[in-house]
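Hello,

Here is the structure I promised to pass on to you. Please have a look at it first, and then read my notes below.

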Amino acid sequence: MHSLTAEAEALRREIDELSGQIEEIPALDKQIAELAPQEQKLTKVSAEANEKKKKLDAISANIAASAVGGGAIERFHQSVSRWLSSLSSLSSAPPTIEPWPEAAGDDPLAKCRASVERARDYLDKAIQELKTAVSEAELHLRTSQDSKLSIENHARQLRKEIETLQEGAGAIVRQGQQLRERKAQLDSLKTLLAERRKALNTLVAQRNVALDRLDSIREQRFSARNAVATELTETLGPRIRVNVSRAGQFEAYAAAIADALRGSGLRYNELSPTIAACVSPRELLEAADTNDFDLIAEATGIKKDRAVRALAQLRDRDLGALATVTVEDTVALQLLDGTDYKGIAELSTGQRCAVVLPLVLRQTERVLIVDQPEDHIDNAFITDTLIASVLARGPDSQIIFSTHNANIPVLGNADWVIQLGSDGRRGFPVLASNLDDPPVVNSITTVMEGGADAFKRRATFYSRHDKS
């Protein structure tokens, strides 16, 4: 993504430069047209001047052709020279490979070392080939320049002869030659411009494929999270609700924008969160590519001049890094408090435990040990929500509870119950059996419920005050 964006930006700058040069052509055509009547008069002055003018026109055409060829050679020379410089820098810093220690026996990297040596030889040969190409290009460039100089000297002599025959004609002829030479050079850039635009379209298409794939991954991740949140809400509701918001954590994205806008003169610490909240990384990248400041202004509500300045600054930065910055989804955990749902930040410590514990119990792929959950949550929550979370776990999951609350083993349908005793220094098991074993039932009734008599008295109390 980074390399595609960097290549596209380099091509875009070259296209802008070529387009700026080609924009001169209409003005040159106008000057040539305005000069044509004066050039036509020269042909009528004398047969000799007319003949020399024809020769000069032919030479001017050769000069223009020579200039076009020279420009192509020079661009080739510059392009290959840059590549040669990059490869030379790479070759001058080969990897340091330590010899295989004799004490370790036979060297298993022998073939690998040979491959590295061959790669180094290939690189050296490639550098030598490029040096040859650069040298030959320099030779062709000098030859082209010498040829052009010779032709220009001939043209200069003809102009002097024409000036002798016709005072003032030299300036007109020279101006016409210069205008046509410049126009020929610019016309030759049209093909190059078309090639660069085609290459840019290809790069943008490749980058769009990569961005589509990234968007698809992010959408799949959000859908998976949302499915988990929905399942948790259905299992633990109505007391607990879990919501997922797409790309809600944009702090890192806003920081990346602020860093890119630093030095622009804009109040980037104020502007970057606004852009991050309203414009996705991909939208920002595409807006910068096309200079679509209207999109930025409309999405964020900022003035157009600020949007123009912001995009101008961003175009000079690493847009590939900005487009791929991670914008995570936001997960909201809420607890029903009375008639209203409250977010985790608004809850007390006990209420937060009431939210988090059932979610932790959904971790079915590992053994969980929970120590006295009743210390932080009330019996109503244990019976309504915690037990529902326990029973929703699969048969292959395991939880170990340490508790004094009878609701957890009884309503949670414990598979195995262990009663612990203590001599003041250490704990030890008093009994261990399944939930329906009479000793276990007696232990729960006596230790957790306060005895059968206390349990019966509470039942009588509840029955007496039952308003249903």
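**Salt bridges**

Aspartate 453 and arginine 457 sit 4 residues apart in helix H16 (residues 452–464), so about one helical turn separates them. These two side chains form a salt bridge, with 3.9 Å between the closest N and O atoms. Both aspartate 453 and arginine 457 are exposed. Please keep in mind that this is a predicted model.

In total, the count comes to 26 salt bridges. As a general point, side chains of opposite charge can pair when their charged atoms come close.

- Arginine 113 pairs with aspartate 107, and their closest N and O atoms are 2.6 Å apart. Aspartate 107 has a relative accessibility of 25%, so it counts as partly exposed.
- Arginine 262 meets aspartate 259 in a salt bridge of 2.7 Å, N to O. Arginine 262 is partly exposed because its relative accessibility is 40%.
- Asp29, Lys183, Asp187 and Lys190 are joined in a network of salt bridges.

**Aromatic rings**

How many aromatic pairs are there? The count comes to 0.

**A serine in helix H7**

Is serine 272 buried or exposed? With a relative accessible area of 3%, serine 272 falls under the 20% cut-off and is therefore buried. This serine belongs to helix H7, which covers residues 268–278. Leaving aside residues up to four places away in sequence, serine 272 touches Ala254, Ile257 and Ala258.

**Positive phi angles**

Two residues may interest you if you check backbone torsions.

Glutamine 372 is not a glycine, yet its phi is positive, at about 45°. You will find glutamine 372 in the loop between strand S4 (368–371) and helix H13 (379–391). Its relative accessibility is 21%, so glutamine 372 counts as partly exposed.

Asparagine 413, also a residue other than glycine, has a positive phi near 55°. Where does asparagine 413 lie? Its place is in the loop between helix H14 (407–411) and strand S6 (417–422). Asparagine 413 has a relative accessible area of 52%, and the cut-off for exposed is over 50%, so this residue is exposed.

Best wishes

Definitions and conventions. Residues numbered from 1 in each chain as written. Predicted model: local features only at pLDDT ≥ 70, side-chain atom pairs only at ≥ 80, totals over all residues. Heavy atoms only, no water. Buried < 20%, exposed > 50% of the residue type's maximum accessible area, 1.4 Å probe, protein only. Contact = heavy atoms within 4.5 Å. Salt bridge = Lys/Arg side-chain N within 4 Å of Asp/Glu carboxyl O. Phe/Tyr/Trp six-rings, centres within 6.5 Å; stacked < 30°, edge-to-face > 60°.
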